[in-house]
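Me: Hey, I'm new to this one. Can you walk me through it?

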Amino acid sequence: MSLPLPPPVSALEARLGLPAGTLLDEDEARAEAALEDATVLALAEVSETKAAAWELDAPKVVRLVILKAARREFENPRGLETESLGEHSVGISETSGVYLTGREIAQIRRAATGRSGGFVGSVRTPSAFGDGDPVLAPEVVL
């Protein structure tokens with residue numbers, strides 16, 4: 001079964017907890033635009049050859065990332081950071097527009113290359129208490 005991009009609106013409706021065909025008119029147009037924008041961002045993370053192949057048949061994880069990003073855009077089109085109603089307050093950590101998180105970008109790149117692509121190594125910071133050479137304690141004679 002091939003999985004073309006962008007995913008259909010019905011896939012986004014399922015993520016929103018709505019029956020297929022529920023979004024109509026301007027809501028459907030907003031959903032299609034969010035899916036298209038998220039797809040463009042995801043495909044921008046890979047080579048043109050890989051992007052062209054994925055438009056016809058994308059890995060499941062790439063479709064998942066696109067659906068998650070499109071859902072964020074659909075649910076928060078005005079980019080509200082906090083919203084209050086009486087004593088209830090909700091904070092949203094990201095602003096308006098489709099965006100991909102660092103983790104989502106890593107997942108897309110991993111799907112494209114088969115490698116994790118994360119940083120492997122260590123960071124060494126010199127000590128503020130000396131030049132890094134071990135200092136022997138003086139002998140104590142009783």
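This is a predicted model: local features need pLDDT of at least 70, side-chain atom pairs count only at pLDDT 80 or more; totals for chains, interfaces and linings use all residues.

Me: At what angle do the axes of α2 and α4 cross?
Reply: Roughly 135°, with the axes of α2 (residues 25-43) and α4 (residues 60-75) coming within 8 Å. Axes are lines fitted to C-alpha atoms over the stretch in contact, and angles run from 0 to 180 degrees between N-to-C directions. The two helices are therefore oblique to each other (under 35 degrees is roughly parallel, over 145 roughly antiparallel, 65 to 115 roughly perpendicular, and the rest oblique).

Me: Which residues make the contact?
Reply: From α2 they include R30, L35 and T39, and from α4 they include I66, E73 and F74. Contact means heavy atoms within 4.5 Å.

Me: Ok, T39. Is T39 buried or exposed?
Reply: T39 is buried, with a relative accessible area of 4% (buried is under 20%, exposed over 50%, partly exposed in between, with a 1.4 Å probe and protein chains only). Leaving out residues up to four places away in sequence, T39 touches L5, P6, P7 and I66.

Me: What's the peptide bond from L5 to P6 like, cis or trans?
Reply: That bond is cis, with omega near -5°, and P6 is in the segment before α1. Most peptide bonds are trans.

Me: New topic: how many residues are in the largest nonpolar core?
Reply: The largest nonpolar core has 27 residues, and L5, L35 and I66 are among those with the most contacts inside it. Such a core is a set of buried Ala, Val, Leu, Ile, Met, Phe, Trp, Tyr and Cys residues joined through side-chain atoms within 4.5 Å.

Me: Which element gives the most to this core?
Reply: That's α4, with 7 residues.

Me: Last one: what is the phi of D25?
Reply: D25 has a positive phi of about 50° although it is not a glycine. D25 is in helix α2 and is exposed, with a relative accessible area of 62%.

Methods
Residues are numbered from 1 along each chain as its sequence is written. Side-chain values use heavy atoms; hydrogens and water are left out. Helices (H or I, at least four residues) and strands (E, at least two) are DSSP runs, numbered from the N terminus.
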